[in-house]
Amino acid sequence: MERSTLDLWVGLFVCAGIGALLVLALKVGNMNGFSAADTYQVKAQFDNIGGLKVRAPVKSAGVVVGRVTGVQFDNTRFRAEVTMSIDKRYQFPTDTSASILTSGLLGEQYVGLEAGGDEAMLKNGDSITLTQSAVVLEKMISQFLYNKAAEGNTSK
Amino acid sequence: MATENLVEISGVSYAYGKGRPVLTDINMTIPRGKVVAIMGISGSGKTTLLRLIGGVLKPTHGQVKVDGQLTNELDSEGLYRLRRRMGLLFQFGALFTDLSIFDNVAFQMREHTNLPESMIRDLVMMKLQAVGLRGAHQLTPSELSGGMARRAALARAIALDPTLIMYDEPFTGLDPISLGVIANLVRRLNDALDTTSIVVTHDVQEALDIVDYVYYLSEGVMVAHGTPDEIRAARDPRVHQFVWGEMDGPVAFRYPSRDFRAEVGLV
Amino acid sequence: MFNRGGIVNIRHVGHHAIDSVLRLGYATRFIALTLLHSGTSFRRPRLIVRELYFSGVLSLIIILVSGLFVGMVLGFQGFHTLQTYGSESALGVLVALSLVRELGPVVAALLFASRAGSAMTAEIGLMKATEQLSAMEMMAVDPIARVVAPRFWAGVISMPLLAALFSAMGVFGGYLVGVVLIGVDEGSFWSQMQNAVDFREDILNGVIKSCVFGVAITWIALFEGYDAPPTAEGVSGATTRTVVTSSLVILGLDFILTSFMFRGV
């Protein structure tokens, strides 16, 4: 086989292969991993984080603004401490509240931030004080039954 | 400091692993500029001898000295340097089947030298001219006849003008014309290139016509040696049977078996 | 292994086991030598380019066609199953994740082993049987550096590229069946897929898998060829062993890698 033809085919092959990799990376997957330099860390404590996992999204108004980077147990206050990396482009007031929500009815859990009204903004290492824990299904059901029972009693 | 003998083999024995020895106490000298034949029936250890000279195998006893250097003292670098000065024509050629004959002959030049392609082309053409295949240079080994392939392999063996050329059964399976061609080339190239040649063969008539000296091996032992005339006149029954192609002799015609009449039920 | 009584001869089993261990040691020494002598391949990339053609380019057709078919089947089967849960729009997710995480690397590797791996084994085995490797040694050219190493690197480079091509064709096949043929919504097909397939977790892990498979297959193929008995039966046995051993090793490695990579997700 001619050397130049061989080179041509091999070149095409390697290009096609790299092209396929790029197609997979860009069109099939998503590459929004925030690099560490563009983020600042914020902590929040919850009574119950439910099914929240590391790398879960942090959203505000439905838009992804950061990622959960760590989940620890605070042994003095017996609460879960969640560390989040927020994109530096987005600043939040210090009285922002963080809740653990579920996308859809049975989807994965994420942290939702609702901005407060304070003038001072959260800095790297700050903690969010207003938090709302995840809704645990069993507690909700028992709550519902208890309410129902109470209702039944009062109506009598 | 050039010694008179290119190859000196003293007291060499070799065995593969712990089995029966293939060679026992061989003593041989190959003088410079001569064509020497090593003959014997199949399995007498001739090819093993070539491997020992080429440094592929190391003797279990004794020493092999090639151009003043002991093969078992050489490291792999030294061995490779030694082999660059040797040419070996394998049985059936062993040409690289995916390359044309041109590329086959050019192979060593491209691997071991930094010569420009134009010079390599001229050298390859010269070698192919010497064996009469210059016009076929772009053919691949599968497109050649047996005789032509053997000649191409010969051209490859002499590509770097080696000091020692070894031929492993060069006449096997060739038609009479190709036989004559190869035999002629062996002699002529040896004299023209001023090299030394060792021919391992059991083709008696062709070999005795072209060589200067003969060593005869039988079952790994050197049984006889001498000039072609001396070998033809040898009295040793083993040599005699070999040279004259006698049907029965030291190498028995019948495979060991029990009595024939008992076998067919006559007794 | 079985004597006349039909009982397994324990001595033979032990013998085979020790043989396998010895062979594995020899194979390890072989691959170490190949890596050590790779300098020639890198100094003369032409050698690798030539082998890339024979193992990579010539495998393209089978990889692309198989990828397309696998993707299309995934489209059909996936739709059929998801329909019972009313989640047809998740078809893109199903097809993409199955391919990128598992089917792409594994099936492409199996196909590569059968096509390119067996070809490598046969080629080297034949070179050994016709004494071409000995001839090279006698010409002071190291056959491992000249013949084995370029094929090794060509195999290692080809494998991830082929796996990526397989996955890409598969996604396209799934798209053809799901969106074009059956009528799943195009927008949700792609958007759900992009949401669910993560570059680092899924695609990168798939690429790592295919690299590991590439090393394993090429190692096995080259070793079997190099170690084959120099006869016709020897070479044919070696090619069979290449395909069988490679396939088992791929599936085994896949299990090990998957359990590491997809543990917590």
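## Arg188(B)

Arg188(B) lies in helix 6 (residues 176-193) of chain B; helices are DSSP runs of H or I of at least four residues, strands are E runs of at least two, and both are numbered from the N terminus. Arg188(B) counts as exposed because 12 other C-beta atoms lie within 10 Å. The classes are buried for 20 or more other C-beta atoms within 10 Å of the residue's own, exposed for 12 or fewer, and partly exposed in between, with C-beta atoms placed from the backbone. The C-alpha atoms of Arg188(B) and Ile210(B) are 9.4 Å apart, at a sequence separation of 22 residues.

This is a predicted model, in which local features need pLDDT of at least 70 and side-chain atom pairs pLDDT 80 or more, while totals for chains, interfaces and linings use all residues. Residues are numbered from 1 along each chain as its sequence is written, and chains are lettered from A in the order in which they are written.

## Strand 9 of chain B

Five of the six residues of strand 9 (residues 213-218) of chain B are buried. Strand 9 of chain B runs parallel to strand 3 (residues 35-39) of chain B, with four bridges; pairing requires at least two DSSP bridges. Ile38(B) has Tyr215(B) as its bridge partner.

Strand 10 (residues 221-226) of chain B is antiparallel to strand 9 of chain B, with five bridges, and Met222(B) stands opposite Leu217(B). Two residues lie between the strands of this hairpin, where Glu219(B) takes a positive phi near 55 degrees.

## Domains of chain A

An automatic or database assignment gives chain A domain 1 (1-31) and domain 2 (36-141). Their centres, taken over C-alpha atoms, are separated by 42 Å.
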